[in-house]
Amino acid sequence: MPALTDTNAPVRPTVWIGLLPALVVCLAAPAFFVLRITWLGWALLALGMLLAWLLRVRLTEGAKARFPEVRVGPRYETAKIISGRTPSLVRDLSLIAIGMLIVSVIPLKAELDNWAMVRFTLALGGAVLVPYLISRYVYRDYAIRFPWRGGGRWTTFQWTWLVVVLALGWLILPFYFITSGVYTNWPVVNTPELIARLFVGVGAVGIWDELFFICTVFVLLRRHFPMAVANVLQAIVFVSFLWELGYQAWGPLLTIPFALLQGFIFLKTRSLAYVVTVHLLFDAVVFLVLVHAHNPGMLDGLFLV
């Protein structure tokens, strides 16, 4: 995986013509998960891939000029040494499209029965595993990696940010879920078994978010675009998924900054462990708020709302 620090990023401007097919592919996410118009999502994916294929010669020439010195992996070899080829926007967008197609085959309404949990496991797991296997064994470019420890020991700022995340979640999430009524997008959890299932489900989806939206979508886009552009594009996909999952009403005011921050943090830390920890802390508050909202009186002393 190309290193994501600004120091090792491509020094030449993006081939901006590649932004159009990338944007079209990413806009399939709102079609699938917000508008829920499946045929429109298919059409946008097909159009984006067609545009990338038609522009492949110009995109490849630009990539060859930009990427010979890009450093990848812990040994800092060049991208060409690892893959034998320059990064291809066609290949990388195809991996994103495949992941979205797999996710789109199931409804994302939060449910806790056995079949729903199996369905989520297969679809979300496949959306990460299939692109990874294609990248590694078909394209042989090792574009998708999961750098667990990343840049080394966590700094004081990183530990402080974890505390800030908990504080912000405690202040904002109860107000959001309860006053907007979006907590009803999640099933009632009024037994120990359902509460346990909710805990597992919220945590598992949170980990998957980082594996797919950050380590797959963001990393693939970062191979072709500056950080800000790649981050906005991945946020389109990230926030659209969260919308269908239940973060509706004014939820995007929370999920958009969260998605952008997760991309930025991963860029700076290169640590999957850290972004997962941030996400799980946030989701721990989400879990407690959902239990609180569905069971008045159970956790009244914990939150202000």
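The buried residues of helix H1 are Pro-21, Ala-22, Val-24, Val-25, Cys-26, Ala-28, Ala-29, Pro-30, Ala-31, Phe-32 and Phe-33. Keep in mind that this is a predicted model. What lies over those buried H1 positions includes helices H2, H5, H8 and H9, and two of these partners, H5 and H9, get a closer look below.

**The chain as a whole**

- Eleven helices and two strands make up the list of elements in the chain.
- Going along the sequence, the order is α-α-α-β-β-α-α-α-α-α-α-α-α.
- Of the chain's 305 residues, 51% count as buried.
- Take the contacts between residues at least 6 apart in sequence: 77% of them join residues at least 24 apart.

**H1 itself, and Pro-21**

- H1 covers residues 19-35, and Pro-21 is found in it.
- With 17 residues at 1.5 Å a residue, H1 should span 24 Å, and its end C-alpha atoms sit 23 Å apart, so the two agree.
- Is Pro-21 buried or exposed? Its relative accessible area is 0%, so Pro-21 is buried, the cut-off being under 20%.
- Which residues does Pro-21 touch, once neighbours within four places in sequence are set aside? They are Gly-48, Leu-51, Ala-52, Leu-55, Leu-89 and Leu-93.
- Pro-21 and Leu-44 are 23 residues apart in sequence, and their C-alpha atoms are 9.3 Å apart in space.

- H5 runs over residues 89-104, and its 16 residues reach 22 Å from first C-alpha to last, close to the 22 Å expected at 1.5 Å a residue.
- H5 is mostly covered, with 13 of its 16 residues buried.
- The H1 and H5 axes are 10 Å apart, at an angle of about 5°.
- H1 and H5 are therefore roughly parallel to each other, a label for angles under 35 degrees.
- On the H1 side, this contact is made by Pro-21, Ala-22, Val-25, Cys-26, Ala-28, Ala-29, Phe-32 and Phe-33. H5 answers with Leu-89, Leu-93, Ile-96, Met-100, Leu-101, Val-103 and Ser-104.

**H1 against H9**

- H9 is residues 227-245, and it packs on H1 at about 10° with the axes 7 Å apart.
- That angle makes H1 roughly parallel to H9.
- The crossing of H1 and H9 is left-handed.
- H1 residues in this contact include Leu-19, Cys-26, Pro-30 and Phe-33. Among those from H9 are Val-229, Leu-233, Val-237, Phe-241 and Trp-243.

**The nonpolar core**

- The largest nonpolar core has 89 residues, and Phe-177, Leu-221 and Phe-241 touch the most other members.
- Where does the largest share of this core come from? Helix H8, residues 192-222, supplies 13 residues.
- Phe-241 touches Phe-33, Val-103, Leu-108, Leu-124, Val-205, Trp-208, Asp-209 and Phe-213, leaving out residues up to four places away in sequence.
- As background, nonpolar side chains in soluble globular proteins tend to be buried together.

**H10 against H11**

- H10 (residues 252-269) and H11 (residues 272-294) pack at about 150°, with their axes 8 Å apart.
- Why is the pair called roughly antiparallel? The angle of about 150° puts H10 and H11 in that class, because angles over 145 degrees count as roughly antiparallel.
- H10 passes H11 in a right-handed crossing.
- From H10, Phe-258, Gln-262, Ile-265, Phe-266 and Thr-269 take part. They meet Leu-272, Tyr-274, Val-275, Val-278, His-279 and Phe-282 of H11.

**Backbone spots worth a look**

- Most residues other than glycine have a negative phi.
- Tyr-142 is not a glycine, yet its phi is positive, near 50°.
- Tyr-142 sits in the loop between H6 (114-138) and H7 (156-180).
- Tyr-142 has a relative accessible area of 28%, so it is partly exposed.
- Arg-270, also not a glycine, has a positive phi of about 55°.
- Arg-270 is in the loop between H10 and H11.
- Its relative accessibility is 26%, so Arg-270 counts as partly exposed.

Definitions and conventions: Residues are numbered from 1 along each chain as its sequence is written. This is a predicted model: local features need pLDDT of at least 70, side-chain atom pairs count only at pLDDT 80 or more; totals for chains, interfaces and linings use all residues. Side-chain values use heavy atoms; hydrogens and water are left out. Helices (H or I, at least four residues) and strands (E, at least two) are DSSP runs, numbered from the N terminus. The expected span of a helix is 1.5 Å times one less than its number of residues. Buried means under 20% relative accessible area, exposed over 50%, partly exposed in between (1.4 Å probe, protein chains only). A nonpolar core is a set of buried Ala, Val, Leu, Ile, Met, Phe, Trp, Tyr and Cys residues joined through side-chain atoms within 4.5 Å. Contact means heavy atoms within 4.5 Å. Axes are lines fitted to C-alpha atoms, for helices over the stretch in contact, and angles run from 0 to 180 degrees between N-to-C directions. Angles under 35 degrees count as roughly parallel, over 145 as roughly antiparallel, 65 to 115 as roughly perpendicular and the rest as oblique. A crossing is left-handed if the near helix is turned anticlockwise from the far one by less than a right angle, and right-handed if clockwise.
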